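Good morning, colleagues. Please look at the sequence and the model on the screen while I take you through a few of the features.

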Amino acid sequence: MTLTASSVVALMLLASGITLVVLLQQSLIASLDAAATDRAQTVASLVAGGDLGPTVTNTGSESSLVQVVDSSNSVVAATSSIDGQEPILAQPPSGGVTTVLSLDRMPAGDGPFRVVAAPVRLPTGSGWVYVATSTLQVDAAVGNLAALFGVGLPLVLLIVVWALWRAVGQVIRPVDAIRRRASSIGGEDLSQRVPVPERSDEIASLAVTMNEMLERLEGAALRQRQFVGDASHELRSPLAALQVQVEVALAHPEDPGSALILEDVHGQVVRMSALIADLLFLARSAEGAPRRATSLVDLDDLVLSEMQRLRELGGRAVELDGVRAARVEGSERDLARLLRNLGDNARDHARSLVSIRLTTTEKWAEFSVTDDGDGIRAEDRDRVFERFTRLDDARSRTVRGGGAGVGLSIVRQIVRDHHGTITIEDRPDGQAGAVFLVRLPLALNGGPFHS
């Protein structure tokens, strides 16, 4: 970066220096020519009036020489410094107009000179006024400026290179620090963070963004390890129970109790199959797997099917508090799973009654499941949706074999996949229990309808 920027600056300085020297030289030459032209025209006017000798003698100097010549290019009058010398120009110009010439040298002295030849009317006829001006001072001024640039431009370039090196170094130094720290961060330790520069600039924003990314990766890694650990724990218990029961059955094949053992084994297998299915669902959700193919789903049909399933299980009264036809867009399989998990959760914690209700608003389908159990404290209403979370009163596995604590996590994930919301509320009648309220957007081309 320093080399590129310095090269550009060097080219710009060199071009600027050359341009300035050329413009200065042209400006000084133009000034000399203008002054010489004025002097030639003044002498021509005076000579035409008959004032020949004194006029020429008093208008010259060492750097400005004046001659008056006749039509045959013979010197009629001249300044004292070139009196008696050959004409400045060997041949007068043609055309009879004022002409500006450049001479490297002339008979009156070494050059270089700028010569202005202006026509004049002499008593003896036509003639010319020659005014020669030395350009040595112009060359000296231009040479001094070029020398100044020759010395100054490298110094300026060195200062620019040093300043660029310092500036780029200050910018790159935090980037290098971020690079070194990032190269040392591995999957085994994601708690490290890259350093954030003190100044607020794009590099600091980059460091903050990288730290936020590392924080998300650390959280994902922690959730993954927790998921693996909890899943292993949840699978280890039924596997151990299965092993013991199978070993007992194998040790006593003629024992009539072996049939009961096989029933227990079957129950454990069913429970493990359900748990593995739940774990696979959560794993796919954590990996950001694409959603299932969506279609228009009649939510009221799923609600009625879930109510019928709960009634067939028995043990709790199931009440339909009201149902309206509602069509949503999504996965019918996932929505059925959502209703089943909420229904099982309410049945597990209800004392005697589970109430189901489906209503609609202008844009939403609202599905609620109410139980008359002990309810859920306000501070636990977010925590119950976390994976493998079981509140104290739910840790016992005496009711329906207990649960693994993933059912409500699956419910929340399905609700999110369908762009809805889920909340836990108190019962509106003030009695003990909990209300799980799910709101799903109605399908745009198949909103509320009545059969």
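Helices here are DSSP runs of H or I with at least four residues, and strands are runs of E with at least two, numbered from the N terminus. This is a predicted model, in which local features need pLDDT of at least 70 and side-chain atom pairs count only at pLDDT 80 or more, while totals for chains, interfaces and linings use all residues. Residues are numbered from 1 along each chain as its sequence is written, and side-chain values use heavy atoms, with hydrogens and water left out.

L338 is buried (under 20% relative accessible area, with a 1.4 Å probe and protein chains only), its own value being 2%. Which residues does L338 touch, not counting those up to four places away in sequence? They are V411, I414, V415 and V438, where a contact means heavy atoms within 4.5 Å. L338 and R412 are 74 residues apart along the chain, yet 8.4 Å separates their C-alpha atoms.

Turning to the whole protein chain, we find eight helices and 12 strands. Of its 451 residues, 37% count as buried. Among contacts with a separation of 6 or more, 60% come from residues 24 or more positions apart.

Finally, helix α1 (residues 2-48) packs with helix α3 (residues 136-184) at an angle of about 160°, the axes being 9 Å apart. These axes are lines fitted to C-alpha atoms over the stretch in contact, and angles run from 0 to 180 degrees between N-to-C directions. Helix α1 is therefore roughly antiparallel to α3, a term for angles over 145 degrees.

Terms used:
Buried < 20%, exposed > 50% of the residue type's maximum accessible area, 1.4 Å probe, protein only. Parallel < 35°, antiparallel > 145°, perpendicular 65-115°, else oblique.
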